[in-house]
Amino acid sequence: MSDIPREGLADRFWETKKLSKMNKAEWEAVCDGCGKCCLNKLEDEDTGEVALTRVACRLLDNETCLCSQYPIRHQFVPECIVLTPKTLEDNLYWLPSTCGYRLLYEGRKLYDWHPLIAGNNTAIHEAGVTMQGRTIPEFEIHEDDWEDYIIEEPT
Ligand code: SF4
Ligand code: SF4
């Protein structure tokens, strides 16, 4: 699995370009690699409330927090949601509070640990906001038991 490419991008492009104007490479680079959107969630049918579990998608790497098959992930996980400027708004309700897309959409700044600002992929893990070392693969836990694995989002 390879890291999210961040080379050759314009300096601090995310401060001047709207999400809808970003090219593919810029858009992908906004993802901080926290892995939190790859956790299975439980949605309350009545209230619409979303609870996060530490039961992760079968393709999530527990150490890097990256998708192990990102370019071809839909062959294995057809239901994996593709975030784009067009789909972002509909998915905001479940995106983690620290997600780079959510922050920029809400007109907020990226955190200093974001790889685009920190210049590395380790600061985010050191800040404790990722799922590194905290997930359980979904094939180990029956779906009926996911509620036993509900967590608070690490922020
Ligand atoms: S929650 Fe947002 S920033 Fe974190 S991995 Fe998912 S898309 Fe990327
Ligand atoms: S397929 Fe990859 S990107 Fe999609 S939820 Fe699973 S680990 Fe995340």
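Ala, Val, Leu, Ile, Met, Phe, Trp, Tyr, Cys and Pro are counted here as nonpolar, Asp, Glu, Lys and Arg as charged, and the others, Gly among them, as polar. On this basis, the shell around ligand 2 in the predicted model comprises 7 nonpolar residues, 1 charged residue and no polar ones. The residues surrounding ligand 2 are Cys38, Cys57, Leu59, Leu60, Cys67, Arg73, Val77 and Cys80. Around ligand 1, the shell holds 8 nonpolar, 3 polar and 2 charged residues. Of these 13 residues, Cys31, Asp32, Cys34, Cys37 and Cys99 come nearest to ligand 1.

The protein contains 6 helices and 4 strands, arranged from the N terminus in the order α-α-β-β-α-α-α-α-β-β. Its radius of gyration is 15 Å, close to the 15 Å given by the globule rule for 155 residues, so the protein is as compact as a globular protein of that length. Along the principal axes, the C-alpha atoms fill a box of roughly 45 × 35 × 30 Å. Of the contacts between residues at least 6 apart in sequence, 61% join residues at least 24 apart.

Buried residues account for 21% of the 155 residues. The largest nonpolar core has 21 residues, of which Cys34, Cys38, Leu39, Ala56, Leu60 and Met131 touch the most other members. At least two residues of this core are supplied by each of α2 (24–30) and β2 (50–56), and β2 provides the largest share, 3 residues. Beyond its neighbours within four places in sequence, Met131 is in contact with Cys34, Gly35, Lys36, Leu39, Ala56 and Cys65.

Technical notes
Residues are numbered from 1 along each chain as its sequence is written. Chains are lettered from A and ligands numbered from 1 in the order in which they are written. This is a predicted model: local features need pLDDT of at least 70, side-chain atom pairs count only at pLDDT 80 or more; totals for chains, interfaces and linings use all residues. A residue is near a molecule or strand if its C-beta atom, placed from the backbone, lies within 6 Å of it. A nonpolar core is a set of buried Ala, Val, Leu, Ile, Met, Phe, Trp, Tyr and Cys residues joined through C-beta atoms within 7 Å. A residue is buried if 20 or more other C-beta atoms lie within 10 Å of its own, exposed if 12 or fewer, and partly exposed in between; C-beta atoms are placed from the backbone. Two residues are in contact if their C-beta atoms, placed from the backbone, lie within 7 Å. The radius of gyration is taken over C-alpha atoms; the globule rule is 2.2 Å times the number of residues to the power 0.38.
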